[in-house]
Amino acid sequence: MDHSTNDTVDTLNAMIQQESLSYLTESGLYDKSTTIDGGCRKLMVSWCTQVADFCQFDPNTICNAVNILDRFVAKQRHILEENNEQFQLAAMASLYTAVKTNEPMALDPATMSKLSKGTFSGKKIEEMEFKIMKTIGWRVNTPTALSFADMFFKLLPSELTSKTQQKLIFKLTQHQILYAIEDSRFLGMPASEIAFTAAYNATMMTLGKASLAAYQKLQQSMNVNLLPLKLESTLMFQAQNSGILADFIHLIPSQERREENRQRRARNKNTFLLVA
């Protein structure tokens, strides 16, 4: 590996270690018979995503906000037994914190209050933010699945894909990751493994087995694994049914088309040789 590749691998391994020490979520957190379950969580994550889309925030901001929320709830389990308002307040305060951490411009408390349709005052949101920060030890610089995916892509051979294929792989990967943060079944799974699985699925959908060796080599260079088969299959299903591939398929030659082009080039070369 060259110097740049070694640096990327070192950075990834440092991110994986950081994740394992401070940023893992708890599996099954919302599976108990409580007032707040996986369905309630999904609604709030969806709301945060809509706000982020409207404000044109980086998708990493949403990943960060959800990680903050889940780690806070794991240490303040009484919220799961309380009414929806406390959980909603925690979700809004988590988004408020993530925006301040990740975006060039923060949302002020008054704006957050308006987004809650007056349910929570700016003061209440700031008080909950402070409580969250203390509870999670002020650890808000989450290594997100999207940031892991970006690093993984840097390690794939550049000649493996065209620009259009790279764009398709990125969109398929992002779709799977954003699905995973909404679905509470993925709690407890490292963001690095969600990213590696989503990137692997997207690349296999785009390139087929041609990409297998590259991912095997990538996996050998660091301590990262695919998700358990059931979760991996769930992400693959989401990618296959996203409609993203259909939007790109006309831009990417099929295997048959590539073979036809290869044969045509061979025939043209032979014709040139005969003429010469």
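Q: Which helices each supply at least two residues of the lining of the second largest cavity?
A: α2 (38-55), α3 and α5 do. Helices here are DSSP runs (H or I, at least four residues), numbered from the N terminus. The model is predicted, with local features needing pLDDT of at least 70 and side-chain atom pairs pLDDT 80 or more, while totals for chains, interfaces and linings use all residues. Residues are numbered from 1 along each chain as its sequence is written, and side-chain values use heavy atoms, without hydrogens or water.

Q: What makes Met44 a lining residue of the second largest cavity?
A: Lining residues have an atom within 4 Å of a cavity point, on a 1 Å grid where a 1.4 Å probe fits but cannot get out. Met44 is in that lining, with Val45, Cys48, Ala65, Val66, Leu69, Ala91, Ser94 and Leu95. The cavity has a volume of about 30 Å³.

Q: What surrounds the largest cavity?
A: Its lining holds 22 residues. Thr25, Asn67, Ile181, Ala191 and Ile194 lie nearest the centre. α3 (59-75), α9 (163-182) and α10 (191-207) each give at least two lining residues. α3 gives the largest share, four residues. The space inside is about 260 Å³.

Q: Why are α5 and α7 called roughly perpendicular?
A: That label covers angles of 65 to 115 degrees. The axes of α5 (residues 84-102) and α7 (residues 122-135) cross at roughly 80 degrees and come within 8 Å. The two helices are therefore roughly perpendicular.

Q: Which residues make the contact of α5 with α7?
A: Contact means heavy atoms within 4.5 Å. Among the residues making it are Leu89, Tyr96 and Lys100 of α5, and Ile125, Met128 and Glu129 of α7.

Note on methods: Axes fitted to C-alpha atoms, helices over the stretch in contact; angles between N-to-C directions. Parallel < 35°, antiparallel > 145°, perpendicular 65-115°, else oblique. 1 Å grid on protein atoms, 1.4 Å probe; cavity = no way out; pocket = protein on both sides within 12 Å on 5 of 7 lines; lining within 4 Å. Points joined across faces, edges and corners; volume = space filled by probe spheres on them.
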